[in-house]
Amino acid sequence: MKIGKNEFKLEKRTSLSGWQATSIAVLAVLMTLFLFGFIFLQAGISPGMAYREIFSYAFANKHGLPLTLNRFIFLLFTTYAFILPARAGLWNIGMTGQMYAGALSAFAVLYAFGAQQSKSLELSAGLVIPLMVLASMLGGLVIGAIAGYFKGKFDTNEIVLTMMLNFILFWLVSFMIKEGGLFMNPGGRGESFELPPSVYAPLIGGVPFTGLVAVLIGFALEFLFDRTQLGYQIKAFGKSPRAARYAGIDTFKIPFMVFLLGGAIAGLAGYHYFAAVPGVYKIARNYGQFGDLAFYGIICGLISQSNPLASMPVALLFGGLSIGGRFVQGKLHMAFGVDYALLGVLMITLVAFQFFYRYRIVRVSLDEEDGHA
Amino acid sequence: MTQEEKSQPVLSARGITKRFPGVVANDGIDFDIRPGEIHAILGENGAGKTTLMNILFGLYQPDEGEIYIHGEKVEFKSPLDAIEHGIGMVHQHRKLVEAHTVLENIVLGHPHAGTILNLRRAEQEVRKLCEEYGFKVDFRAKVWQLSEGEKQMVEILKALYRGAKILILDEPTSALTPVETRLLLDSVQAMAKKDLAIVPFITHKLPIVLEISDRVTVLRKGKVVARLETRHATEKSLAREMVGRDVLFRVERQEVEPGKPVLEVEDLVVQSDKGFLAVEGVSFTIREGEIFGLAGVSGNGQQELVEALAGLRKPVSGRIVLDGVDVTHLPPLERWKTGLGYIPADRIHMGSIGDFTLVENVLLNYYFDQEYNRGGILDYRKARQMTEQLIEEFNVATPGPDVLGRNLSGGNLQKVILARVLSRRPRLVIADLPSQGLDVGATEFVRNKLVEAKVNGAAVLLISEDLDEILDISDWVAPIYEGRFMGIVPAAEAEREKIGVMMAGYNAEGVAQ
Amino acid sequence: MLEFITRSLDASMIFTLAALGELIGQRSGILNVGVEGVMLFGATLGFIVAQTTGSYVLGFLTAVLIGGIIGLLHAAFSVVLGGDQVVSGMGIWIVGFGLTTYIGSPYTGPLGMERIPAVLGVSPFFFVGVLLVLITWFVLQKTSLGLAIRSVGENPAVAEVSGIKVARLRILCETVAGMLMGLAGAVYALNYNPVWNYNFLMGWGFIALALVFFSMWNPWFLLGGALLFGTMWQLSLNPEMVLPGVLSRYIWRTVPFIVTSIALVLMSTPWFRTRWGAARPQALGLPYEKD
């Protein structure tokens, strides 16, 4: 393309430095906010006003901030569940199902202690909470491991398989909490029994302890990828399964491990949202929408280029945006699903911006050779 | 065709120039060809042959220069334009759809194939061509069932069926047995007699150039360095034009006393991906200080044999003993630890990872090593030091150890792989097509390093399609044909012609197997 | 029982149309994992247009058009820019899911139009589906265009040097693919179940995607598979019509997904692959760049 004395050419990138990747990601987010503004315009609302409302509610409001933080924690877990397989070149879109499995397993522990019978049951928090956390990880792990096992063993298409597992688990949750299911609330409103207050998750500064866990896991993953042998093997497998096999890397173990670990972390998301977030403490009737939120994990993973530390600010931003979006939707009487629209717009820009990870625009001055933009 | 028409060039290229980031691949190339002429283009890897070929066939557009067909200026925007101007291309890496039949491949893209495919008519027409040039091929066979020679024939037929008047042959004899080579050269001459213009592009096979061509154009570093009538040329003069000296390769052969056996293979049987037996019971031993050359045309089981030895493919039966350890059922990693060193043929997708830095690439063979891996934590600093050392030792041209693998040239990448594998001091080195696609300097480097490894007491298994390479440095030569060794011959007794015949499926006595 | 059969046929045709689109795209080498997203767009926009204009024709045209546009964009991203087709496909799905939920929610509720009349006792889309399968098979197997498409999907480099415009052909195929997926979505929302609801598809598109793998890329096998899965899907929705009182209805809903998973795993075993694996287009999902 020629503009004035300059010609603009596309050139394939030979390398992409950390700050280049970061600036592309930041640009993509800004672009999303810009495009998303049109949704407010179309609804007859000034985007500037809408964003002010969104951000002030999400990050500076005593009701909004805890919601944002809890969603941030949830998104972090689902993002990690996406990142681990993504580093091995695999697509885990089954965090929804793994998360449901985690929630079901955590409630199974409560059920075993008889919590379904009475809401005021006094349980030993020191025993039951760790058990619930472990069970939720185990539940997610099993669902993840199914996908990982077949991926490693037969190279089964993991996208379709994990998606199928999502639907299976979705209906299993319904089975468990509705129409006479084991976990049904005795009140019978199509939701699960409630957590006895004695096993509410301890809060650290108003935020469930799962927040600390999520941040710690982020650093652990960073260490895994950066320094360890397993991390190296995962990365090698992700970049080139053939070269990995040549080098003696176990091509069953790696896919199996990443799905197994990813599933366990997604299971924690199930514990977090249904058993640790103040004010929820049950598997709600609209649990499907929490499942949908798990797909934000894909986007956070893609934007942060599968970097566990970079995914923290990204997840915080999107947690806030989706909470704030839902708030303005109600306040400004917009149609349902503003947070869904955000998901869509984000994905559009993200795919469009994939392009910039591969190419750069080079300016060639027609007067003289060379010169880069 | 009148005499006057015959003396006019059917194709001329003037001042063809093509630049890629960092290199001028073609620099002002002039050349022309007349009907009925065989005009070879000679040049080593990296001299710019492929670029020129792609320009003539419309895959690349030149930055400067013109192409004329029958004196008329033409511009090829795509292969379709080139085909419509009578250019046909026979690729070194056959461009055929393996899953389709021969006939489907021949009619693909033909403008008169009919909106609704008329395969019967096409078959009659192609059959006529076959009779004219003496080709024999089963039209209904799937391409993957054919031998390399047959595939090449299909490509020639396809070009002729599209009405090619100028036939470009890319490394025409590279994957052929000596017998198939003979057949090809005969049909090339037959085609030239029918006024086709033929342009073979050749890298190393100087005798072929001398035998069939009328004229030769020699390329070096993107430029034409010589244009001569073949009758005035000799192997020495061609080599001198190509690389600036009388011989293409200089390798120091060194004899050492062989030691104890390192690799013992007993009656190994291996299956291919498609389910048939690719290796049908081979047995051999390689000792310390020996290079064992596996000579054969690709697709005769070399790939499967190597994969079985490296642990990447489960053998059906047989035994593999490495340095006294039965490794038949051990996974690849255990074999590496036992002393395997494997230089794979596909250096870009298997031997290295393009998105990894050189340090990380070096770690591919070291991540499991005690010295670099303490309790599951990798010592990247140490790996970096070693990489720097290897870069220096093996003269790898790179700005540093943090460069990504994909930014290295083929020759430098191969040096990194070689350095990484050989620095482990492996007991057994498997070198699969180690010099494929490399220029003369890098090829010599690779060969000398293999000889060095042998002198240091390693056993070396060398797989090559280039018989000269095998004869140059091996101590033993084993011609392989359809998964069987046609014999194991000491290099001192190996005669070129005899090995060539054995590669085509005859034993040492010349009896078909 | 008769109603069950006609409903099953209707369901089968939705699978057929969507999967047939995916099959055409895959035959040319383009993988679109976002079938569900394209269907959601076709269904939602088709529903809105049909409801506001009162015209089925406009509704279906809109669905085909939007499907075609998405297919074109996916192809442009994959072919022209050489992007990762899975990223783009996942994008289509998430965009479709996110945006249609927002766009469609004001229209939640029944379509409120007279039903599309049946022809010979079944929905007219049965004939459309079978006819399109026939046409697709004929074009792929018997015409020059089909040979070109198959070659592009197997080995684009070969097609290129045979004088075929690889990029153009792939874009064409994927656009047609998108149109069929959009149509499939509209058949769902305008005929099969004319009610707009949040996230109403719940996996149709992903099963259609799996069906293409099961069909060995053969349109007739695909039709057979779609009939099977359509019936199974219908059964999972109305188990009482065939097996009253057995299992909870929620467990029935998992059946199509469990069967799909099992079939998917079986088809990826080495036993199956060495025998039937050759049907997969060799260049599927790989960007083609001239080298």
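Tyr281(A) is found in the loop of chain A that runs between helix H10 (253-276) and helix H11 (287-293). The model is predicted, and in it Tyr281(A) takes a positive phi of about 55° although it is not a glycine. Most residues other than glycine have a negative phi.

- Is Tyr281(A) buried or exposed? Tyr281(A) is buried, because 20 other C-beta atoms lie within 10 Å, and the cut-off for buried is 20 or more.
- Asp155(A) also has a positive phi, near 60°, and is a residue other than glycine.
- Asp155(A) has its place in the loop between helix H5 (125-154) and helix H6 (158-177) of chain A.
- Asp155(A) has 15 C-beta neighbours inside 10 Å, so it counts as partly exposed.

**The domains of chain A**

- Chain A is divided into domain 1, made of 1-45 + 340-373, and domain 2, made of 70-325.
- The C-alpha centres of domain 1 and domain 2 of chain A lie 33 Å apart.
- Where the domains of chain A touch, 9 residues of domain 1 are in contact with 11 residues of domain 2.
- On the domain 1 side, the elements that give two or more residues are helix H1 (18-42) and helix H14 (338-358) of chain A.
- H14(A) gives the most to that side of domain 1, with 5 residues.
- What classes of residue make up the side of domain 1 of chain A that touches domain 2 of chain A? They divide into 9 nonpolar, no polar and no charged.

**Where chain C meets chain A**

- In the contact between these chains, 37 residues of chain C meet 34 residues of chain A.
- Helix H4 (85-104), helix H9 (204-214) and helix H11 (249-267) of chain C each supply at least two residues of the side that touches chain A.
- Which helix gives the most to the side of chain C that touches chain A? H4(C) does, with 11 residues.
- By class, the residues on this side of chain C divide into 22 nonpolar, 13 polar and 2 charged.

**A helix pair in chain C**

- Two packed helices are described by the angle between their axes and the distance between the axes.
- For helix H2 (residues 35-53) of chain C and H9(C), the axes come within 7 Å and cross at roughly 135°.
- H2(C) and H9(C) are therefore oblique to each other, and their crossing is right-handed.
- From H2(C), the contact is made by Val35(C), Glu36(C) and Met39(C).
- From H9(C), the contact is made by Trp204(C), Gly205(C), Phe206(C), Ala208(C) and Leu209(C).
- The contact of H2(C) with H9(C) has 6 nonpolar, 1 polar and 1 charged residues.

**Leu238 in chain B**

- Leu238(B) has its place in helix H9 (residues 235-243) of chain B.
- Leu238(B) counts as buried because it has 24 C-beta neighbours inside 10 Å.
- Leaving aside neighbours within four places in sequence, Leu238(B) is in contact with Leu42(B), Leu206(B), Val209(B), Val216(B), Val218(B) and Ala233(B).
- How far apart are the C-alpha atoms of Leu238(B) and Ala278(B)? They are separated by 39 Å, with the two residues 40 residues apart along the chain.

Conventions. Residues numbered from 1 in each chain as written. Chains lettered and ligands numbered in written order. Predicted model: local features only at pLDDT ≥ 70, side-chain atom pairs only at ≥ 80, totals over all residues. Contact = placed C-beta atoms within 7 Å. Helix = DSSP H or I, 4+ residues; strand = E, 2+ residues; numbered from the N terminus. Nonpolar A, V, L, I, M, F, W, Y, C, P; charged D, E, K, R; others polar. Buried ≥ 20, exposed ≤ 12 C-beta atoms within 10 Å, placed from the backbone. Domains from an automatic or database assignment. Axes fitted to C-alpha atoms, helices over the stretch in contact; angles between N-to-C directions. Parallel < 35°, antiparallel > 145°, perpendicular 65-115°, else oblique. Left-handed = near helix turned anticlockwise from the far one by under 90°.
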